Amino acid sequence: MVQPILLSRISYLRTVHKTPSIVPLSLGFPYLDSAIYFDVTGEWCVDDRKQTVESNRISIPDVGQALQIGTTTQEILGHCGDDRRIDWGYLYLLPPTDLASDMIVSTTDMRDAFISTGQLSQSDSLTGTTEVGHTPPVLACVFDMDVETTSEQETFLTIAYDEREAIEYFEENLQPYWRRNEKTVTEMLTSAVADYPTLRERCTEFDAGLRQRCRSAGGESYADITALAYRQAIAAHTPVEYDDKPLFFSKECFSNGCIATVDVTYPSIPLFLLYAPDLVKGMLRPIFRYAQTDDWPYEFAPHDVGTYPKANGQTYRTVNDELVLENQMPIEECGNILITTAAVCLREGCSAFADENWKLLTQWAEYLVENGFDPGEQLCTDDFAGHLAHNVNLSLKAIFGIASYSILCELRGDEDCQVKYLTIANQMAEEWTQYADDGDHFRLTFDRPGTWSLKYNLVWNDLFDLSLFDNNVAQREVVKYLEERNEYGTPLDNRKTYTKADWLLWAATLADDELDFKQLIEPLWRFLDETHDRVPFADWYNTDTAERNRFQHRSVVGGLFLKLLNQEKHLLNSH
């Protein structure tokens, strides 16, 4: 007797669109002779259910037949914004290549029919244009797996999404990175199927190695946390090529939809510094280009270059499409770019990337010298907390931004300039230690005794081997963070009970004692395990209730690899 098996389908709606996913399947006892059903729905390629789609059968050389579905309108790069789904390009389903398969275009009613009969209909029940509606069209396939009691059988099927064009970059449409050498969809699908066995072996080996490295750096809970973050940190970007160089665009998912946001890049870089520093450069190139145009009127660095997927100029908190000075992050973004640029140049052991943008980097370093120590009322990356004056943690960012510029000067061989800016950073650090001191810890703002905050920007003191601050500063902070812990973590500061997962991990990395580190991140592990918000990794959440605060599946979780980067900081200590 044939046992019908309905596989769990991948149910999320696409907000990040990439290339093929391979779905491996293995089956053993007790299912001796089983018919496997799998489908994907038209929901994957629309923004809302009122849109219409059409499907086709196509032939893939050396692979066989495949099903294709996409919107009828195909308005490529037709809209932008947050919490929007792609509605251009095409979704593909390829059944296993090593087994006899049946395919059909039908509705979700086909699932119940398969459970009853163990078979597909003999012909497509949907043709032409179809509204997705509440009973969406499906691309379905069924294949048999005949397994003896003492053996196993394994196969795989392929799902792919081709967006055709991925990013609008200063009014020019750019194709996805895999198309850079004029590769076609059929070539992409053919190579995906052919390369699967080798890639699977490499991925399995990489996964095991990365988990072991994370376990060695921070323990089992840390390895769990980074395992959840790894794919998300990469998938929340879109890679393209421009002028023969990679660009790597982030999206502020469930935040405001900004593209190539500097203070989203900054927390995400630890993962990419470890494995792919070229992608860090790909995050920064759009910002440098925008800052050189007449459309950017300020002497400090921009926050973003548009709203995903349109990178045509900043849209963050604009009013009537006009930039507003009060809504900018002057100290934040200058510091972020200088620190990030220094990190990638140290990783590569040369100043080449900084040299390309030296005039801007110098301008932003000077801005921090003049304005950074005691910031006026302004936003920082934690903009959900509102404007704040005399922000002690933001002052740290300015200090390390200036020190980063001194590192770049050293890499360029300019000793006089290196000494000048490092001296300024040291003087500011001494004043910071005096004026931020609140006894057993350091304040939220210079002018508010009895306050505290996570000083996550302090991590660069050790990572860059700068010694601007005595180690006692970090350890006093760690003791405070342990005292202020709630059930699911230490809050961002004394004003609210919410925290940010990336900043909590950075703050924990300040701990010299590994037990202190583990005590600070264990509540984060517990949040991920116990929260009722079953969504992709939420980085902003309440430490007393384990409820998320809107953010989810954002690229900032790349920052959770900071502990591993700190463990392997020799990669950044080439100066």
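Buried here means under 20% relative accessible area, exposed means over 50%, and partly exposed is in between (1.4 Å probe, protein chains only). The model is predicted, so local features need pLDDT of at least 70 and side-chain atom pairs count only at pLDDT 80 or more, while totals for chains, interfaces and linings use all residues. Residues are numbered from 1 along each chain as its sequence is written, and side-chain values use heavy atoms, with hydrogens and water left out.

**View A. Asp 502 and Lys 500 pair up in a salt bridge.** A salt bridge is a side-chain nitrogen of Lys or Arg within 4 Å of a carboxyl oxygen of Asp or Glu. In this pair the closest N and O atoms are 2.8 Å apart. Asp 502 is buried, at 1% relative accessible area, and Lys 500 is buried too, at 3%. Shared partners link Glu 252, Lys 500, Asp 502, Asp 539 and Arg 554 into one salt-bridge network.

**View B. Arg 554 meets Glu 252.** Their side chains form a salt bridge at 3.5 Å, N to O. Both sit in loops, Arg 554 between strand S17 (540-542) and helix H15 (562-567), Glu 252 between strand S14 (245-250) and helix H4 (262-275), so the pair ties together parts 302 residues apart in sequence. Helices (H or I, at least four residues) and strands (E, at least two) are DSSP runs, numbered from the N terminus. Arg 554 is buried at 5%, and Glu 252 is buried at 5%.

**View C. Thr 130 sits in strand S8 (residues 129-131).** Thr 130 is buried, at 16%. Setting aside neighbours within four places in sequence, Thr 130 is in contact (heavy atoms within 4.5 Å) with Gln 51, Thr 52, Val 53 and Pro 137.
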